[in-house]
Amino acid sequence: QWMEGQLIMVGRFFSFAWVPIGHQVFFGRPSSELTLKMMKEAKEEELRKDHVAVMRDVLEGMWDETYWEERERSGENYYVGEEEESCFE
């Protein structure tokens, strides 16, 4: 069900007011530390619940490492210009 409302922004905070029922909720942006902590806890909880997710996470890490290692060995480096290649030798 859709209800008419208003979004109100005040500095770093915002609020949403539902006009028909006269209810207002205030929101604030969490700190970066809190955001990272919550993301880490969610990932840990997911890994505790699902052993397949643990294996997938480890496998993705190994795949990434293998990809970059093979790319270094092949000499592919698209981000370095001709004149800057000597700094990696």
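This report describes the fold, the salt bridges and the surface patches of a predicted model.

## Basis of the model

Residues are numbered from 1 along each chain as its sequence is written. The model is predicted, so local features need pLDDT of at least 70 and side-chain atom pairs count only at pLDDT 80 or more, while totals for chains, interfaces and linings use all residues; side-chain values use heavy atoms, with hydrogens and water left out.

## Overall fold

The protein has two helices and three strands. Along the sequence they follow the pattern β-β-β-α-α. Helices (H or I, at least four residues) and strands (E, at least two) are DSSP runs, numbered from the N terminus.

The protein has 89 residues, and buried residues make up 6% of them. Buried means under 20% relative accessible area, exposed means over 50%, and partly exposed lies in between (1.4 Å probe, protein chains only).

Strand β1 covers residues 5-10. Of its six residues, the number buried is zero, so β1 lies largely in the open. Strand β2 covers residues 13-18.

β1 and β2 pair in the antiparallel sense over six bridges. Two strands pair if DSSP finds at least two bridges between them. Q6 stands opposite A17 in β2. The two strands form a hairpin with two residues between them. In the turn, G11 has a positive phi of about 60°.

## Salt bridges within a helix

Three salt bridges are found in a search of the whole structure. The term means a side-chain nitrogen of Lys or Arg within 4 Å of a carboxyl oxygen of Asp or Glu. Side chains of opposite charge can pair when their charged atoms come close.

E41 is partly exposed at 39% relative accessible area, and K37 is partly exposed at 48%.

Another salt bridge joins R73 and E69, with the closest N and O atoms 3.0 Å apart. Both residues lie in helix α2, four residues apart, or about one turn of the helix. R73 is exposed, because its relative accessible area is 65%. E69 is partly exposed at 35%.

K43 counts as partly exposed at 37% relative accessibility. D57 is partly exposed too, at 32%.

## Surface patches

L7, M9, F14 and F27 make a nonpolar surface patch of about 420 Å². F14 belongs to strand β2 and counts as partly exposed at 34% relative accessibility. Patches are made of residues with over 30% relative accessible area and no salt bridge; like charges are joined within 9 Å, and nonpolar side chains (Val, Leu, Ile, Met, Phe, Trp, Tyr) within 5 Å. Accessible areas come from the Shrake-Rupley method with a 1.4 Å probe; for residues, only the protein chains shown count as cover.

E60, D64, E65 and E72 form a negative surface patch. E72 lies in helix α2 (residues 51-74) and is exposed, with a relative accessible area of 66%. Asp and Glu count as negative and Lys and Arg as positive; His and the chain ends are not counted. The place of a charge is taken as NZ of Lys, CZ of Arg, CG of Asp or CD of Glu.
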